[in-house]
Amino acid sequence: MSKFTHFLKDIDDHIFTYPKIILGGLLAITAFFALQIPGVKMYSDFADLLPQEHPYIQLHNDIRDSFGGANVVVVGVEVEEGTIFNNDVLALIHRLTQSVDSLPAINHNLVSSLTHRTTRKTWLSEEGSIVSEPYYDPTKKPILNPQDMAEMRDAVLANPRVFGLMVSPDLKSALIKGQLNEGALDYEKTFNQIQEFRQKEQHEGIKIHVTGQPMLVGWVYTYIPQIIQIFMFTLVFMFVLLMVYFRRLYGVLIPMLGIAISSIWGIGILSLLGFNLDPLTLVIPFLISARAMSHGIQLVERYYDEFARLSDGKKAARATFDSLFRPGSLGVISDAVGLLLISLGSIPINTKLSYYASLWALCVILNVLVFVPMLLSVLPQPKRAEIRRGWVRKFLPKVGRFVASPLKAKRILIATILCFMVGGYFSSSVQIGEAEPGSPLLYSYHDYNLSSTAINTNFPGSEELYIIARTEKKGGLKDPKVLKALEDFQIFMLSDPDLGGTKALPDLVKQVNRLLHNNDPRYIQVPHDQFYVGGLMFAYMASSPIPGALKEFVNPEESEANIVFYYKDHQGETIRRAVHMAKSWIAEKAGDIEGLSFHLAGGIIGVTAATNEAVFETNRIVVPAVLLLIFLFVTFFYKSFHAGWLMFLAMSFATILSYGYMGFMNIGINVNTVPIIAVGIGVGIDYSIYIMDRIREEILKTDTLQEAVIRAISTTGLAVCVTAGALILGVVMWVFLSDLRFQADAALLLVVMLVLNMVASLFIVPSWITIFKPKFITNIEIIDGVIEEKTTV
């Protein structure tokens, strides 16, 4: 055994000499962290969700103030009878447009609506000049007569930049869009203001749908009180569970004290680092604190066993520390490693999570693995040691005898191979990104997803992809060859069945060209002369009294154009196909015109594409890295590659079947699920480490390996079942009580991973040991109080 292992063994000689001083120091640290808690803030920062080094996000940051970003509010107004072309509905649309235009952090230049001042009808005057006016101006004509209404409807039908994009093809719906400036965005305030004017304007015969990233985050904020309630219910539930199981004061209060102290340390660390607590990541901190409680359960369980054997509380506490500190520390380090490795990805929200959560998890060594035995050593010893364990105590020896049988152990390992094959099959169908339309954070029947479905049904799509075309020289976008390339690109992308529509500078130029030729449809084309194109653009700009009429299409230097594509969802498959099609056309055609380049990608589709690509890289790196590092840690701790392999086998079993579950349940791998997977691996391996270490300990006390396996399953297996059961029953509360689908799905995924890890520890690990009899377990001796593998001469 290594010098490091001897060091771990010798720690108890130092800390048990002055237990009260050490306890006082730990409590003082707890008080210090408690004072930091008021400085913690809970909110979501959109920038934290974006991999800032990704080229798509860099483009998004460059264009969000000029062409718009991903924080878009989309309001749909739908009439149940008739069309939107009546005075009451138009007045309603105008009021809603004004409300959107008055939202905090709104970009007033990037608001679009049928009744907005920037949406104008243009025509050729008798003098031959282009003139324009808003489609709807209540200051001039608050009430339109039937003839005016018919003229307005016909004008809308004739404008492809309004009809289909702002007014639905069936004329029963209108769309209002507003871009929000990310730096000054207050999600909660924006959401409340939207809900206020939405409720005010909602009445019979009218449906008002609202979607967009600010609404999604706002909806999540509304569930924060519910999240806190679930925390409280879970704590009460765990308290009752401990009372039912232990029926002892120490068995109830000490594990609960562990979760309290761990939470104080963790939140204090969060405050000291200056990080915010994001509502989307609350499951992870809860799980870490629950793991602290499960380690406390292991310690108290073992304490009662040792007290029954030694009849001395202080000796029982020290024996508990001797037996569980090393495997417990290895388990905690595995948890912390799984969390820290999440930082290898490029998404800030997960990087922040990995830093504070790994420190939070690592502190469990001090505030539970050291604190609990110290506390037990100074508290009065219990009067009785036995714990009533009921049917579980009777069941586990049967499990032990089952896995200790060579024939049955072989069957278990064969079944494990079959499970690997089934898990691998379903794992192949796991998608990167969203696997369903709408937002996976909320249920399909939630108002947000219903609004999204309604808007995407009535319109080409509310999910926008921005692709920027750039020319090397100013005014380069006036070149007819450049405009023709943009038009060809649009036509190519429209072959995607999930693309509902597109908008770009060629559409405007062709429309104005037709207008100047008495609406002759033969002139719906890009002119062949650069100066003529420039004249069309200037004529359109000059016709509008509103400054920046061309801002949605080009920059002031006319060297950068925004090509907008409208999709009906941002599922992983939709985004991959859109990006692949764009890249393939650009690779083949963009080089045909000198000085022209295309750049991906902005809008919610572009931002999500960048996030998905970052998630794919993170998942590809983090999960293997977690498996490898835990393998190396176990190998180092036990000085045996066989020990490392055995833990790798248990982790691989749980991981592959977890991915298989995700594929079967159609759960995508996204920015929210990657941390759950990494944490699940680290958390679950504790069980296998405890079982393996207990078999190793018991073989020194028994005559046969089979008896050692049975004893380990009967004792430590019981603690594994209790701790896993406490975690599972605590986590499963989120499945039934949370209205946030993501939290419910994440909780269910964690339950699956915990169950699989428990199965691996109780069946696969002991079965492998039974069949292959590894030397680090069967060929050992005690030297200076430390278990070591015998050296052969």
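Leaving aside neighbours within four places in sequence, which residues is Phe598 in contact with? Point 4 takes this up.

1. **Basis.** This is a predicted model, in which local features need pLDDT of at least 70 and side-chain atom pairs count only at pLDDT 80 or more, while totals for chains, interfaces and linings use all residues. Residues are numbered from 1 along each chain as its sequence is written, and side-chain values use heavy atoms, with hydrogens and water left out.

2. **Overall build.** The protein has 26 helices and 12 strands. These are DSSP runs numbered from the N terminus: helices are H or I with at least four residues, strands are E with at least two. Along the principal axes, the C-alpha atoms fill a box of roughly 110 × 55 × 45 Å.

3. Of the 793 residues, 61% are buried. Buried means under 20% relative accessible area, exposed means over 50%, and partly exposed is in between (1.4 Å probe, protein chains only). Contact means heavy atoms within 4.5 Å. Take the contacts between residues at least 6 apart in sequence: 81% of them join residues at least 24 apart.

4. **Nonpolar cores.** A nonpolar core is a set of buried Ala, Val, Leu, Ile, Met, Phe, Trp, Tyr and Cys residues joined through side-chain atoms within 4.5 Å. The largest has 255 residues, and Leu114, Phe598 and Met692 have the most contacts inside it. Beyond its neighbours within four places in sequence, Phe598 is in contact with Ile467, Ile468, Ala469, Leu486, Phe489, Ile563, Trp585, Ile586 and Ala590. Another core, of eight residues, lies apart from the largest one; Ile63, Phe67, Tyr466 and Ile468 are among its members.

5. **Cavities.** The count is seven cavities of 30 Å³ or more. A cavity is a set of points, on a 1 Å grid over the protein atoms alone, where a 1.4 Å probe fits but cannot get out; lining residues have an atom within 4 Å of a point. Grid points are joined across faces, edges and corners, and a volume is the space filled by probe spheres set on the points. The largest cavity holds about 590 Å³. It is lined by 37 residues, with Gln213, Leu216, His570, Ile604 and Thr608 closest to its centre.

6. **Cavity lining.** Two or more lining residues come from each of β1 (72–79), β5 (173–180), α7 (213–222), β7 (463–471) and α21 (603–638). Helix α21 gives the largest share, seven residues. The lining divides into 18 nonpolar, 15 polar and four charged residues. Here Ala, Val, Leu, Ile, Met, Phe, Trp, Tyr, Cys and Pro count as nonpolar, Asp, Glu, Lys and Arg as charged, and the others, Gly among them, as polar.

7. **Thr608.** This residue sits in helix α21. Thr608 is buried, because its relative accessible area is 13%. Not counting residues up to four places away in sequence, Thr608 touches His570 and Ile575.

8. **Strands β8 and β9.** Four of the five residues in β8 (499–503) are buried. Strand β8 runs antiparallel to β9 (560–567), joined by four bridges. Strands pair if DSSP finds at least two bridges between them. Lys503 stands opposite Val564 in β9.

9. **Backbone points to check.** The peptide bond from Leu600 to Ala601 is cis, with omega near -10 degrees. Ala601 lies in strand β10 (596–602). Ser311 has a positive phi, near 60 degrees, and is not a glycine. Ser311 lies in the loop between α10 (283–310) and α11 (313–340). Ser311 is exposed, because its relative accessible area is 52%.

Definitions and conventions: On a 1 Å grid over the protein atoms alone, a cavity is a set of points where a 1.4 Å probe fits but cannot get out, and a pocket is an open set with protein on both sides within 12 Å along at least five of seven lines; lining residues have an atom within 4 Å of a point.
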